[in-house]
Amino acid sequence: MTRTKFFCLIVTGLLASSGWGQSFIPDPPTLKAKSFVLMDAESKTVLAEGNAHLKLPPASLTKIMTDYVAAAEIEAERLQLDELVEVSINAWKTGGSKMFIKEGTKVSVEDLLRGIIIQSGNDASVALAEHIAGDEVEFAKIMNSYAKELGLENTHYENATGLPHPEHVSTAYDNALLTQALISRFPSQYKMYAELEFTYNEITQPNRNRLLTIDPTVDGVKTGFTDDAGYCLVASAERNGLRLITAVMGTSSDQERINDTRKLLNYGFRYFERRLVAGKQNRFDRLYVKKGAGKGLQVHIKEDLYRLVPAGGDGTKYQIYLPEPLDAPIKKDAVVGSLIVSIDDKEVARSDVYAMYEVKKINFFTEMWNGVKSWFSTVPKEEEVEGPQTITVSTTIESQEN
């Protein structure tokens, strides 16, 4: 089986199992990377993948976790951006890409973070690791603890830089998952990844992620390269409210990792969209309330439901699930059941539904009168169902509540 067919089978199977077969979603692009993944940043849904769980040397993609640990320390107030870090001989001597910090000097945490994120400085990574944990070995233990917490099942760190080590491995999927956590948990920290250059020690270096200057919707994340790892790139972009994350590992050149990443982003944004599938202003059919005064109960949801769906997908269906029949009295804002939203017969969202107003119980005389009328009425009585039920309903959009 060729690589092209292998990639296509993976993603076709993935989408078919999701129940999105009725919407046209073509096979994903053919890539040259050894491993890749395309992920929705909100739901973590994988939209395309090839060997996504293959363990490979991650090179400087490692620094995403180095930064994540630092961000967590800052959040916990155990580390400050203006805190000064003394540069050791060990950090100064670290090979590979450099921020060009000098042994014996003191550098702020904020400058070190930019040196790590923008300049991919190995020296900066070691200096920060030593400052946080005492040495790089202890820092790697912290990195692995976070990897376990985040569910990075095929990742193991031996250092803070990504310099080669036989047991230092990760995957495209794990790097996308880590990036998703970084973006959602530390949005302020993530803003650094979009900066185009950083000057330290009178040396200006550009951000190694060239996609930032090619695609204005890209705002991160990190490149990586060693002879063993090849050229790697984790990227993220946002268009029309939809944020996607890509990870490609093991390409043969900088241009190849750029090309593969752009193919994935174009595929994702063309064939998927983030859509408001139900909102606070949606009004659903009135529901029958046993022994209830008035003409039934209208329900609503209290939060807008945005979901990832196939672009152009149609056939939206709304259902109300009632765990038990509605029985008066019902208080305003009481949770009475759940709204189920389906597109192309696939459930895409579920939310509690609330009573829009109070429904009082009819009094004894009204109940008796209704019983008498029912004897002479040719209109069939509302069927009373025992136990849970799911009712298909229609919806309208209103600007004001009843």
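A residue is termed buried when its relative accessible area is under 20%, exposed when over 50% and partly exposed in between (1.4 Å probe, protein chains only). By this criterion Q180 is buried, with a relative accessible area of 9%.

The model is predicted, so local features need pLDDT of at least 70 and side-chain atom pairs pLDDT 80 or more, whereas totals for chains, interfaces and linings use all residues. Residues are numbered from 1 along each chain as its sequence is written, and side-chain values use heavy atoms, without hydrogens and water.

Q180 lies in helix α7 (residues 172-185); helices are DSSP runs (H or I, at least four residues) numbered from the N terminus. Leaving aside residues up to four places away in sequence, Q180 touches A41, E42, K44 and I245, where contact means heavy atoms within 4.5 Å.

Helix α2 (residues 62-75) is mostly covered, with 12 of its 14 residues buried; T62, M65 and Y68 are among them. Just after α2, E77 adopts a positive phi of about 65°.

| Item | Value |
|---|---|
| Angle between α4 (residues 109-117) and α5 (residues 122-133) | about 135° |
| Distance between the axes of α4 and α5 | 8 Å |

Axes are lines fitted to C-alpha atoms over the stretch in contact, and angles run from 0 to 180 degrees between N-to-C directions. V109, L112, L113, G115 and I116 in α4 meet A124, S125, A127 and L128 in α5. These contact residues comprise seven nonpolar, two polar and no charged (nonpolar: Ala, Val, Leu, Ile, Met, Phe, Trp, Tyr, Cys and Pro; charged: Asp, Glu, Lys and Arg; polar: the others, Gly among them).

Definitions and conventions. Helix = DSSP H or I, 4+ residues; strand = E, 2+ residues; numbered from the N terminus.
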